Amino acid sequence: MQGMMKAVVKQTAGPGFELVHIPIPQIGPHDILIRTRAASICGTDIHIYNWDVWAANRIKPPIIIGHEFCGDVVEIGSQVTEVQVGDFISAESHIVDHTCDLCRTGMAHICRNTQIIGVDRDGSFAEYVALPAANAWHNPPNMPPEIAALEENFGNAVHTALETPVVARKVLVTGCGPVGVMTIAVAKAAGARAIYASDISAYRLDLAKKMGADLTLNPQRDDLVKTILDDTNGDGVDVLLEMSGAPSAIRDGLRLLKAGGHAVMLGLPSKPFELDLANLVIMKGITVHGIAGRKLWETWYEIRGLLRSGAVNLEPVITHRFKLEEFQKAFETMMSGDSGKVVLFP
Ligand code: NAD
Ligand code: ZN
């Protein structure tokens, strides 16, 4: 397609983004062109906005940011058969090679050659996005765009909460950002017996309650370890779902995990830190699960099932909506901590 479009771009190495007019992307034979309907802001976008150490090492400007989105297919490449013009799709943001040993053994979510849209190649804070057709996920036409945009990030929560059984078990969720609160909802739907949740933001603890947490605690105000030990007859929890990346939350979470329990970890620490591995992991005989992205495509079928059955309602997670042009305000809202998911509309 010819013409120009609006896009939010990291123009140069340094903090901030700019709204620019650039040509609509051209597509290859295996790609599709999507007109964006909604795109949500992820924690990763905040790292890129702030230009922290991780972003400086990974991002090569100029690049269009954004990887959680949905939209309508407006053009398909000559070799594309599985997607039609007019389809309403969400996107798996991880583009994998389909050929490495991990892809070929059912572990494409940790493909050796993963490229992430909005990180390693142009993303979705734009009117149009080019994507390999293999990364499209079909939605029902009547799905609200902000929910469809959120499916990718919800997939992180689904992957985490369903990694190990939680049915009839006591669960601790550390970190109640958007992914944390969605994880609470999935653990609830999966039959957890009790869900404890921690965060340092009152706004987010409130959201955690709405999404199904039984007891919410602020480690800066409450004695997290004592309260949960008292409530579990001194045993602690069966499963830890770590969604903060905060060293103190990881330490407390592991302390509160029963011997023999499962720690499922998605939150990314901003840098390496010290941990008493001998006492918190090894001698307790726990199992640690690292969670990257979404399982292809197992997690996406679970996303579909949880949303269509009504087992999980994502509406309360979406707290703010902005036009693409208002991206500055949208990012400030997201960074304030007084928000759930913030969605942009081109
Ligand atoms: P977020 O930054 O909004 O959420 C993190 C939450 O942790 C915040 O609400 C924060 O207040 C809370 N927190 C900080 N210190 C805490 C403490 N000591 N105890 C309890 N809570 C504390 O991010 P998000 O979008 O919800 O994502 C959650 C994490 O998952 C982030 O670290 C993100 O980078 C990571 N992530 C990983 C993957 C993956 O594939 N592994 C995918 C998406 C996001
Ligand atoms: Zn691969």
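T333 sits in helix α10, which spans residues 327–336. In this predicted model, T333 is buried, because its relative accessible area of 16% falls under the 20% cut-off. The side chain of T333 also reaches back to the backbone oxygen of K329, at 2.8 Å. Leaving aside residues up to four places away in sequence, T333 touches H320, F322, S339 and V342.

Now over to G14, at the other end of the numbering used here. G14 lies in the loop between β1 (4–10) and β2 (18–23). Is G14 buried or exposed? With a relative accessible area of 10%, G14 counts as buried. Again setting aside residues up to four places away in sequence, its contacts are Y49 and W51. As for T319, that residue is 305 residues from G14 along the chain, and their C-alpha atoms are separated by 28 Å.

Next, the ligand. Ligand 1 is surrounded by 23 residues, and the closest are D199, R204, L268, I291 and G293. What kinds of residue make up this shell around ligand 1? It divides into 12 nonpolar, nine polar and two charged residues.

| Residue, backbone atom | Ligand 1 atom | Distance |
|---|---|---|
| G177, polar backbone atom | oxygen | 3.5 Å |
| P178, backbone N or O | oxygen | 3.3 Å |
| L266, backbone N or O | nitrogen | 3.3 Å |

On its own, ligand 1 has 850 Å² of accessible area, and the protein covers 83% of that. Which elements give two or more residues to the shell around ligand 1? They are α4 (178–189) and α7 (247–256).

In soluble globular proteins, nonpolar side chains tend to be buried together. Here the largest nonpolar core has 47 residues. Inside this core, the residues with the most contacts are F154, I184, L241 and L314. The largest share comes from α3, with eight residues.

Methods:
Residues are numbered from 1 along each chain as its sequence is written. Chains are lettered from A and ligands numbered from 1 in the order in which they are written. This is a predicted model: local features need pLDDT of at least 70, side-chain atom pairs count only at pLDDT 80 or more; totals for chains, interfaces and linings use all residues. Side-chain values use heavy atoms; hydrogens and water are left out. A residue is near a molecule or strand if one of its heavy atoms lies within 4 Å of it. A polar contact is a pair of N or O atoms within 3.5 Å; within protein, one must be able to donate a hydrogen and the other to accept it, and residues adjacent in sequence count only if both atoms are side-chain atoms. Accessible areas come from the Shrake-Rupley method with a 1.4 Å probe; for residues, only the protein chains shown count as cover. Helices (H or I, at least four residues) and strands (E, at least two) are DSSP runs, numbered from the N terminus. Ala, Val, Leu, Ile, Met, Phe, Trp, Tyr, Cys and Pro count as nonpolar, Asp, Glu, Lys and Arg as charged, and the others, Gly among them, as polar. Buried means under 20% relative accessible area, exposed over 50%, partly exposed in between (1.4 Å probe, protein chains only). Contact means heavy atoms within 4.5 Å. A nonpolar core is a set of buried Ala, Val, Leu, Ile, Met, Phe, Trp, Tyr and Cys residues joined through side-chain atoms within 4.5 Å.
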